[in-house]
Amino acid sequence: MRFNEAQQEAVDFYQGPCLTLAGPGSGKTAVITHRTKNLIEKYGVSPSEILVVTFTKAAAMEMKERFLSLTNQTSTTATFGTFHAVFFTVLKYAYHYRAENIIRDEQKVVFIRNLLRHFPIDYEDENECIQTLLSEISGVKNSNIPIEHYYSSNFPEHTFRDVFMNYQKMLQKNRLIDFDDMIVQCRELLMQREDYRRAWQNKYKYILIDEFQDINKAQFDVVRILADEYRNLFVVGDDDQSIYGFRGSAPQIMLDFNKYYSDAVRIDMCINYRSTGNIVFASRAVAEEN
């Protein structure tokens, strides 16, 4: 496969922090899979030391399949997964969690519905109220704000805090975690336990993240801990495409990447190979206006 200059620079990048800004159709997946291949074949990195992270299971599987096809393999010890899958793996080793320890959506709804009977919350639609509460609970965890310093935008301050605390007590009592707890508990574990922190830093010496514009504060905290020892953090994203604002994604993290890593290399992949000129110019006009 022939790459343009920026793509080739990204594919050949070896060590240290790197921010690759990549617009639509610029070859992000190809760059990540070819760079993973390069790390192994050109630089002698062990596949088991490579972690490739994206946001959906489908995207992670597609990335892995393309890598296997590229390298003519049927399996690999390189890790391709979502943030939640990676973080849950860390917690499984530490706390021996299994799939049944993850609370189901219907369990959360039933518990919050029962809680509503004990709190003075006015609502017109019960289901909408429940989903708003669960969404805000998720937002608190992903923003890494202590509940005592959090002010609800949808419910009375003390009422929301009480609901939040009761929800957490229910999880603990039943040895359950939700998807946001995977991030919170993983961060706490790695911050508090040097043995686990060192083990996972040595496990994942090279970290590649796709769709980096959709990362949130809690996820980035864990990534920074994992990357802290070797600092081989390669992130790819487009600040015009963030779609997970509802769950706390913060494109500003990507824009401020050099504040976290002052020596980071920046690569701009700005050629769109997917769309015609008219589409590119029209979409650019909309993005600039926004």
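Strands β2 (residues 50-54) and β4 (residues 206-209) of this predicted model run parallel and are paired through 4 bridges; strands here are DSSP E runs of at least two residues, helices are H or I runs of at least four, both numbered from the N terminus, and two strands pair if DSSP finds at least two bridges between them. Within this pairing, V53 has I209 of β4 as its bridge partner. Strand β4 is also joined to β5 (residues 233-237), again in the parallel sense, by 3 bridges, and here L208 is partnered with F234 of β5.

Residue numbers start from 1 along each chain as its sequence is written. Local features need pLDDT of at least 70 and side-chain atom pairs count only at pLDDT 80 or more, while totals for chains, interfaces and linings use all residues, and side-chain values use heavy atoms, with hydrogens and water left out.

Turning to helix α2 (28-41), T36 is found in this helix and is buried, with a relative accessible area of 0%. A polar atom of the T36 side chain lies 2.8 Å from the backbone oxygen of I32. Leaving aside residues up to four places away in sequence, T36 touches I50, V52, F67, F80 and L208, a contact being heavy atoms within 4.5 Å.

Helix α1 (residues 5-12) has A6, Q7, A10 and V11 buried. Viewed down the axis of α1, these buried residues fall within an arc of 135°, so they line one face of the helix; the arc is that of the directions from the helix axis to the C-beta atoms. Among the elements covering them are β1 (18-22), α2, β5 and β6 (265-269). Where α1 starts, a side-chain oxygen of N4 comes to within 3.1 Å of the backbone nitrogen of A6.

Overall, the protein chain contains 13 helices and 6 strands, and 48% of its 290 residues are buried. Of the contacts with a separation of 6 or more, 76% are between residues 24 or more positions apart.

Technical notes: Buried means under 20% relative accessible area, exposed over 50%, partly exposed in between (1.4 Å probe, protein chains only). A polar contact is a pair of N or O atoms within 3.5 Å; within protein, one must be able to donate a hydrogen and the other to accept it, and residues adjacent in sequence count only if both atoms are side-chain atoms.
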